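Hi,

Here is the structure I promised to pass on to you. My notes follow below it; please have a look whenever you have a moment.

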Amino acid sequence: MRVDTLEAYNVPQDILAIWRESVGENLLPVQERAVKEFGLFGDANLIVFSPTSSGKTFVGEMAAVRAARSDTKVFYLVPQKALAVEKFEELRARYAGSGIEVVVSSRDRREYDDAIAEGRFHIAVVVFEKLSAMLVACPKLLGSVGLVVVDELQLITDENRGPALELLLTKLRMSPSKPRIVGLSAVLGKAQLLADWLGAKLLVDVRRPVELRKGVLCRGTFTYREHNSGTQGTEDFSDMGGELPQELLLAAAEDIVRRGEQVLVFVADRASTVLCAQVLADRVSMPSLGEAIEELREHEETHAQEALRVSLNSSIAFHNADLSPEERGLVEKYFRSGGIRALFSTSTLAMGMNLPVKNVVLEAQKWGYAKWCHQWGREPLSRSEYENMSGRAGRLGLSKEFGRSILVTKSPFQAEAWLHKYVEGDFEEIVPTLKEAPMEDLVVDLLASGMTGPDTSLRELLMSSFTGVTWWTQKMSKDELDRALDQAIGVCVESGLAQRFQGQLRITDLGHACAAKGIGVRTTVALARWACASKGALRELEALTVAAQSPAGADVYVSMPKNERWKMEYRAQLLQRATDDGIIDRAVFVPHTTNEYAASYDDSRAFKKALMLCDWIAEVPTKEIERRYQVWAGAIRRVGEDFAWIVEAMGAIAQACGWPESRKTEFAQLAERLMFGVRADAIPVAKLRVPGLGRVLVRRVVDAGLANADAMHAAGPDVVRKAVNHRGAFARLWKKLTDSKPGLKKATPYPPVAEPTVLVAAEPLAQAAAPDEDAALIVDLKDRRVIYRGHEIPTRPPNNLQRQPLLALAVLASRAGCVVGMAQLAEEMARLGPMKKRPLTPEPKDLRYKLLRPFKKALEGRVAEEEIDRLIENVPGVGIRLTVAARLVRVQVATAA
């Protein structure tokens, strides 16, 4: 099915042009079936179950964009903040020129939260738990949304993420507005159960666009079965010996790299990613990835950066949650480009990130937490987890032949067992997870969402959940469920989170704060107890220690080997700081001053977090914090972001406990400092989120008296450049400051496009054109010449302006200083022709790159790079413009279209 045929489904032409450019001329099989057989552009709920890399994500995108252009607001739900940012940037770049306003919201991306609450968006990319919190804070929001796309729907079976997603879907199902739901999921067993619960059509398509060989490598022989054809076969690999699982993984990766192919290796933990990358880098002789190493130097110095530089010297890298977002982004960028030949990763990459590769090698075990004995241990991957990781291999557009998913063992018996389980076995059945969540948390959430009235309706709402339909009705008697619900309600009432009034159960301010932040009843009770007893001014060390000792704070992971507890004496460090701050008499410290014995392991870990975060917000250098607490920069930032959410909750809880509303700003400011790791005066600069402008450079800017964007604008680029004293960071900062912000426009089914001006042959397009000797820019299509400040820009290979960018430059020059919409730009390029076919609507960032690259090559050492960067300006959501004054531009076209 051709993309063009979607015009019959009332998809606008400009959207079709974008889709042709981004995904090609033809739809993939699962996409075609979604449209033709399952009513993707209709009104019914739909669930798409298909393998990773089969094209189901674009099914959700098509539904979202078509709805947005029909003036329907869309929530696009994803499980992780990294995925949210990736999807937001992708959609925003792709559709900005079409009038679709895309926003994002997660715990650390809140700049669009007000716009979402007020309905000033078309597509909102939101993390599951964040939307749950937003619906508590603003229940009416649900009534304004017509479509909800749920990516990675299979997480409803995850023991950690599943309960929140299931409760959210229950609210969507039971809300009066009943928005349409389109779910996208990897294949699960007995999916019809989930489809029936959601009242959805079920599209199951197990085909992959690129064949995948799934199998086991044992003693030099890779035995596989092809995913689509079912063909069985073998391939010869080098038998490099080794007995331990990690040695076998490394041997397989080394063999693949020596073949000249790229490989992604999934290992069980973060330490293994680093160790394996360094070992393989020592074994293989690959060219150094100098460009990536040089780019790393632009970021704040960290221990992870040092380790990455070592492995990148052999084009090898690692990826885990202990890397900073900038470091992870750099690794992903160079892996996509093919520069990184082998990448060792934890499962963080398995969930949705777009990192295609021909070969995936994976460990058959993972770390799991056994709740019954409160211990971590190794356990086998599930069939679904194996399938999700394997799906990274053989992705469309990368390998036209096939991909490989490789498990490695030395044991023929183990090889046969894995083939039966992972390659030929059935998927696990969908198991509801809401039954594992504390019942009191569910009660508070549903009460705060405004979806319940009398007590009986609370029970009915719970019974309408997936767990209620498939588990509670079958595995529990009515009396057992009623007793559990009554007990949970009793806990909420006794804790002050709910109250009975005239026979009805109502949420209190404290309960509302609990639900809005999603921190759970146990944490809310602990923080409320502190807030009621606390006296005096808010002190950072006290607040962070209280947060760290709360149940939510204890759940924030930070590594701490057993010997570190004794070696570092975090209890003594904490008490010394409390004494220095004059708050040693506060209740949170008193028990530890009177106890002559060492703190417990859990206490020591809490103290470590509090001390580390105090250093983080005091702007202690990142490498020094890494050294003191034996953690990497990414982990420090992650803990800071998680604690920012807990501290915000503390503010809401303190207010509910009688603190004046003005005190809430103290918590809000502390939360922002935790987010960025800065002192209070640096928050406005840090919130600009400029890549490469780390804590050190932010402090330079602030200390230079440039405390916010207005101050930097007023000072001008030369002053800001001197303050930053870093070319790359300054360029990105100044671009951020000078880029126009996309407006939040009212949606219309077909946004108006200005009528293009007809260009006549040899007509001088720039009015009041200067004589050639005075022109800064000359664009002459007749003689195919471009001159900037007296220097010729090549229009013939190599490093030349190609045909379409040259036409675009002529159009922009004719409108020098004015913003040109992307659709109008394509129309005028076609009129300038002649061209074999009408040009597609360009993507602004891509066009800007193609325009400026030849300028930079030709003008290197002659014109400052910053000047060239400012030559073409993207105006997100509007178009693109040439910044040279019209009086300094001269344009000649060659022929009429």
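Threonine 223 stands opposite threonine 234 in strand 10. The model is a predicted one, with pLDDT of at least 70 needed for local features and 80 or more for side-chain atom pairs to count, while totals for chains, interfaces and linings use all residues. Residues are numbered from 1 along each chain as its sequence is written, and side-chain values use heavy atoms, leaving out hydrogens and water.

Strand 10 pairs with strand 9 (residues 221-226) in the antiparallel sense over five bridges; strands count as paired if DSSP finds at least two bridges between them. Helices (H or I, at least four residues) and strands (E, at least two) are DSSP runs, numbered from the N terminus.

Both strands belong to an open sheet of eight, in the order 10-9-8-17-14-11-13-12, with mixed pairing. At its edges are strand 10 (232-236) and strand 12 (316-319), each pairing on one side only. From one strand to the next, the twist averages 25°.

Axes are lines fitted to C-alpha atoms, for helices over the stretch in contact, and angles run from 0 to 180 degrees between N-to-C directions.

Best wishes
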